[in-house]
Amino acid sequence: MSAFSERVAERSAVVGVIGQGYVGLPLALVFCEAGLRVIGFDVDPGKVAALSRGTSYIKHIGPERVAQALRGGRYAATADFDRLRECDAVLICVPTPLGPHREPDNSYIHSTAREVARRLRPGQLVVLESTTYPGTTDEEVLPLLRESGLECPRDFLLAFSPEREDPGRRDHTTRTIPKIVGGVNAESTEAAVALYSAALERVVAVSSSRVAESSKLLENVFRSVNIALVNELKTIFDRMGIDVWEVIRAAETKPFGFMAFYPGPGLGGHCIPLDPFYLAWKAAEHGEWARFIELAGEVNTRMPRYVVDKAAEALNTEGKAVNGARVLVLGLAYKANVDDDRESPSYEILELLRDRGAKVDYCDPLFPTTRRGRKHDLGLQSVPCEAAAFAAYDAVVVSTAHDLFKKAELFLGVKLVVDTRNLLAPLFPAGGGPRVVKA
Ligand SMILES: NC(=O)c1ccc[n+]([C@@H]2O[C@H](COP(=O)([O-])OP(=O)(O)OC[C@H]3O[C@@H](n4cnc5c(N)ncnc54)[C@H](O)[C@@H]3O)[C@@H](O)[C@H]2O)c1
């Protein structure tokens with residue numbers, strides 16, 4: 001057994017997790033809960049302060065887990081990167097966004113690798129967890145770490161392990177989701193397997209960091225393409241007067257060979273709208289076109305506009321123009337029951353409606369105000385989640401199917417609902433209720 005694996009086995013290894021966001025924080029906690037000491041690094045002093053007080057700033061990660069880790073003396077949050085020297089393993093969970101032309105932005109990975117290289121010491125294992133294109137770990141991170149003068153695997157070890165976190169999911173957790181690891185060499189894979197096996201139920205070793213990077217992209221491309229397929233079928237069936245939701249319900253009774261995906265107002269979140277384009281960009285370097293990825297991107301990106309067109313049509317049949325209509329969008333989160341609004345199509349729907357002259361508002365108790373982002377700055381406040389508030393609008397557009405919206409009485413005074421999530425049908429199984437247009 002290597003010295004690294006021995007330190008892990010006896011729980012004396014210290015794990016550093018860089019980036020205490022949706023991915024890094026639960027990962028840090030799961031190592032604490034397995035009895036290892038963890039230092040959580042973040043450049044955001046607000047997050048470091050909140051975590052150091054024992055509070056969680058992410059709704060689905062209970063503050064009691066952070067407080068428990070702090071009380072046990074196994075967790076510390078810091079912005080002091082010199083503390084990387086205390087760590088036996090350094091896991092990198094920083095953002096990998098897209099630039100304005102949908103090109104990968106690996107600048108967070110590069111700057112973090114430089115910070116690590118400045119403090120790298122013999123015996124350390126570095127694992128990249130941020131989603132990225134194949135080759136990032138061995139072609140980009142490895143050379144940056146070697147600037148320290150140390151060599152891999154002689155002095156340090158390096159692997160990639162994709163994060164498969166699904167915020168808000170209860171049936172699978174960070175601890176139970178199988179963890180794929182691939183090192184830049186066999187020694188690195190072995191060390192990474194030893195580390196993750198200490199805290200997670202199942203670790204799956206693959207032959208290289210590139211396979212590990214690619215497996216994550218396959219998972220996300222699979223979702224993006226299938227969501228696009230069902231979104232396209234929605235528009236086709238709608239023209240034919242067929243309800244796509246009923247079609248899916250029927251198809252999913254097949255016990256094999258079919259997996260249900262559901263249409264919606266467009267893609268959101270940190271992964272599906274962004275990650276496939278990392279692969280498309282890298283494919284071009286190899287003279288290949290990622291046509292499925294581009295097509296799925298095109299179909300999914302068009303969805304908010306489709307929803308707004310359907311809302312305009314529906315208002316028109318009520319004798320109303322969009323210009324001057326009062327429209328309420330339900331849900332700012334990109335998916336149900338999470339306080340995560342990154343890349344949420346609700347923002348674009350609100351903006352498109354406003355561009356056409358509608359007086360827009362939104363309701364999402366998980367977000368008291370809209371966030372000022374790279375693309376949008378709406379400056380709105382959530383209206384109360386009450387029937388009286390909803391009844392004041394000419395149309396209500398359901399963008400997110402939060403459980404707290406699943407109450408028939410909320411919609412009793414509403415004239416028109418444009419429903420992208422099939423939220424209303426189960427609330428009024430015998431009919432009645434407002435006029436509903438599925439979009
Ligand atoms: N959110 C998900 O569901 C999810 C799932 C799987 C994979 N991923 C991937 O994991 C990575 C992280 O995503 P996330 O959702 O946790 O992002 P996030 O924005 O929630 O968290 C990233 C954290 O890193 C911090 N940070 C930024 N630059 C830093 C730096 N130089 N040093 C230290 N900290 C820094 C930020 O302050 C933030 O707290 C991305 O590559 C993403 O694609 C995300």
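Seven aromatic pairs are counted in the structure, which is a predicted model. Phe 31 belongs to helix α2 and Tyr 196 to helix α7 (residues 186-197), so the contact ties together parts that are 165 residues apart in sequence. Phe 31 has a relative accessible area of 0% and is buried. Tyr 196 is likewise buried, with a relative accessible area of 0%.

A tilted aromatic pair is also formed by Tyr 133 and Trp 281, with a centre-to-centre distance of 5.1 Å and an angle of 35° between the planes. Tyr 133 is located in the loop between β5 (125-128) and α6 (136-146), and Trp 281 in helix α10 (residues 275-285); the pair thus links distant parts of the chain, 148 residues apart. Tyr 133 counts as buried, at 4% relative accessibility, whereas Trp 281 is partly exposed, with a relative accessible area of 38%. Through ring pairs, Tyr 133 and Trp 281 form a cluster with Tyr 278.

Charged side chains are also placed over aromatic rings. Lys 179 lies over the face of Tyr 196, at 5.1 Å from the ring centre. For Arg 326, which lies over the face of Tyr 393, the distance from the ring centre is 4.5 Å.

Helix α2 (residues 24-33), which carries Phe 31, is part of a right-handed β-α-β unit together with β1 and β2. Strand β1 (residues 14-18) runs parallel to β2 and is joined to β2 by five bridges. Within this pairing, Gly 16 has Ile 39 of β2 as its bridge partner. Strand β2 is also parallel to strand β3 (residues 75-78), the two being joined by four bridges. Here Val 38 stands opposite Tyr 75 in β3. Of the five residues of β2 (residues 37-41), four are buried, so the strand is largely enclosed by the rest of the structure.

Terms used. Residues numbered from 1 in each chain as written. Predicted model: local features only at pLDDT ≥ 70, side-chain atom pairs only at ≥ 80, totals over all residues. Heavy atoms only, no water. Buried < 20%, exposed > 50% of the residue type's maximum accessible area, 1.4 Å probe, protein only. Pairing = 2+ DSSP bridges. Right-handed = clockwise from strand over helix to strand, strands pointing away. Phe/Tyr/Trp six-rings, centres within 6.5 Å; stacked < 30°, edge-to-face > 60°. Lys NZ or Arg CZ within 6 Å of the ring centre and 35° of its normal.
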